[in-house]
Amino acid sequence: MATPLSDPSQSPLQTVAVVGLGTMGTGIAEVLAKAGRTVIGIDISEAQAAKCVAALEASTARGVERGRLTEQERAEILGRVRTSADLRTAADADLVVEVAPESYEVKQQIFRELDAIVRPETILATGTNALSVTRLAAESSRPERVLGLHFFNPAPAMKLVEVVSSVLTAPAAVTAVTDLALDLGKEPVAVGDRPGFVADGLLFGYLNQAAAMYEAKYASREDIDAAMRLGCGLPMGPLALLDLIGVDTARTVLEAMYAASRDRLHAPAPILKQLSEAGLTGRKAGRGFYTYEAPGSPAVVRDTLTPPEGGDLAPGREIRSVGVAGSGTMASGIAEVFAKAGYEVVLAARSAEKAQTAKARIGKSLSRSVDKGRMTAESAAETLDRITATGTYDDFAGVDLAVEAVAEDLEVKRQLFAALDKVCKPGAILATTTSSLPVVACARATSRPQDVIGMHFFNPAPAMKLVEVVRTVLTADDVHATVREVCGRIRKHPVDCGDRAGFIVNALLFPYLNNAIKMVQEHYATLDDIDAAMKLGGGYPMGPFELLDVVGLDVSLAIEKVLHREFRDPGLAPAPLLEHLVAAGCLGRKTGRGFREYAKR
């Protein structure tokens, strides 16, 4: 990539017109003005133009208040911006950035008018995230000067800018705009022209599936959003994000993506149409998936769908002691969580030696917490003393809750549940931590299916707040109530979901990861550009390929296969590239090579 320009006066793009002064246009105008550019803000609505100026005044005032700007710098920034309702004021612009509504008709009309107004060398950029840049360029008399410049909302904060070339775009125009993006302090990613480009191309499929999951009443809006925030570390849940983006905008983007891909995962969920046509378009309307204090307000208020305070669950069973079956990282992490919360824990493995190794792992984890000042040495010692390591499941005879965390193999789990059924006392709850296998199959291996439930912890269990609580059609109400109550006591956030493949998190996460692999497979974008796009444009803590290599490509492939088998959707079929890497033994960080190579430890 080019080096950022140290002096904005060296750039050929000095005067920039921004057409459309909504939230995005206003944000782009602010970014440009702060970088020393002369900005001409254009909107057919004088009220919208005034709103833009007011927003810039408020934003720069906050900058002064927080010590990020001086009063003189603020005055200079505001002095660089002028607004107009007349497109002809773009005549002197070196670059025009159009961020009008997502409509071919509207955008093409703007481009046709600009042809007659701007100089021949002026670059015309569209901020679309859904429409074809090539189609818009073809309508212009200067298609070689037309490209896409896709900022992310809020433009002043988000680092990613997708620079979109059509087959007609001149390389010099791409270079000039890329250099400008760098000079604005952004991270430009070069992409080809297809609906959604990289970031939205991956993001909107995921958002669509979340909407469909909610529409199917599989989980509540609150649980879907909490699951993705707490299980994946995302800054917002998918339904809250749809409200922020605009339900109508999301529907438009998905329609364009589906028209290009014919992938059912991109076919807009019917609820998006219903909400759009009812005018319930999200935050801007004051109501979408959630209800807001006022149009444009971020404050969510209670409505008829808000769960009652404290829930309405039946009285539960008393849990004093917990058995954890397994000797891996997940089992030791879960045992640590329960012991920290004051429960007596029996940690059982296939041999006493394996159980002691798992307990030693917990000891090291507790020591790290002491070193970091998170707990006292005395508290750590007491926690470890609550854990009894054993090589036999017979020691589960007195536990009130048995949590299975053995290999993700249905036959292994079924055999274990049959053994627990014989050992555990009547009334004891049996829980599986499976992430993708049917909980009911474990339940049917026992004589007490009503006492079996899923408790899907996330790795590392001591750090991750989420637990997916998975009811089967046979699970008793008091078992469900008890497990939710226990989650609260161990300081975890429970979300309810039914017994189907992937539950909430994996059902939404893995198709997104699979689609990222398809993008690389089709040579649309590089690993690095996709990872950068999702971290910078979507606020994801890790890019999809970083995450795949951490999870393990074999584990990812197994989950993809389960999802494909359950839902029978061709779009969920594992990407061939993933299958090839697994077949070659490239399983990610644990083998030193996955999508990337890693130094040997």
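Contact means heavy atoms within 4.5 Å. This is a predicted model, in which local features need pLDDT of at least 70, side-chain atom pairs count only at pLDDT 80 or more, and totals for chains, interfaces and linings use all residues. Residues are numbered from 1 along each chain as its sequence is written, and side-chain values use heavy atoms, with hydrogens and water left out.

User: Which residues does Gln 108 touch, not counting residues up to four places away in sequence?

Analyst: Gln 108 lies in helix H4, residues 104-115; helices (H or I, at least four residues) and strands (E, at least two) are DSSP runs, numbered from the N terminus. Gln 108 counts as buried because its relative accessibility is 12%, where buried means under 20% relative accessible area, exposed over 50% and partly exposed in between (1.4 Å probe, protein chains only). Leaving out residues up to four places away in sequence, its contacts are Arg 135, Leu 136 and Glu 139.

User: What share of the residues count as buried?

Analyst: The C-alpha atoms fill a box of roughly 85 × 50 × 50 Å along the principal axes. Among contacts between residues at least 6 apart in sequence, 69% join residues at least 24 apart. Of the 601 residues, the share that count as buried is 53%.

User: Which kind of aromatic pair do Tyr 214 and Phe 289 form?

Analyst: The structure holds 6 aromatic pairs; rings of Phe, Tyr and Trp (its six-membered ring) pair if their centres lie within 6.5 Å, and planes under 30 degrees apart count as stacked, over 60 as edge-to-face and the rest as tilted. Tyr 214 is in helix H7 (residues 199-215) and Phe 289 in the loop between helix H11 (270-277) and strand S9 (291-292), 75 residues apart. Both count as buried, Tyr 214 at 17% relative accessibility and Phe 289 at 3%. With 5.8 Å centre to centre and 75 degrees between the planes, the pair is edge-to-face.

User: Which residue forms one aromatic cluster with Phe 338 and Phe 457?

Analyst: Phe 338 and Phe 457 form an edge-to-face pair, with 6.3 Å between centres and 65 degrees between the planes. Phe 338 lies in helix H12 (residues 329-340) and Phe 457 in strand S16 (residues 452-457), so the pair ties together parts 119 residues apart in sequence. Phe 338 is buried with a relative accessible area of 0%, and Phe 457 counts as buried at 1%. The cluster with these two contains Tyr 343.

User: Is Ser 436 buried or exposed?

Analyst: Ser 436 lies in the loop between strand S15 (429-432) and helix H16 (439-443). Not counting residues up to four places away in sequence, Ser 436 touches Glu 408, Ala 501, Gly 502, Phe 503, Ile 559 and Val 562. Its relative accessible area is 7%, so Ser 436 is buried.

User: What distance separates the C-alpha atoms of Asp 179 and Gln 450?

Analyst: Asp 179 lies in helix H6, residues 171-183, and is buried, with a relative accessible area of 19%. Asp 179 and Gln 450 are 271 residues apart along the chain, and their C-alpha atoms are separated by 63 Å.
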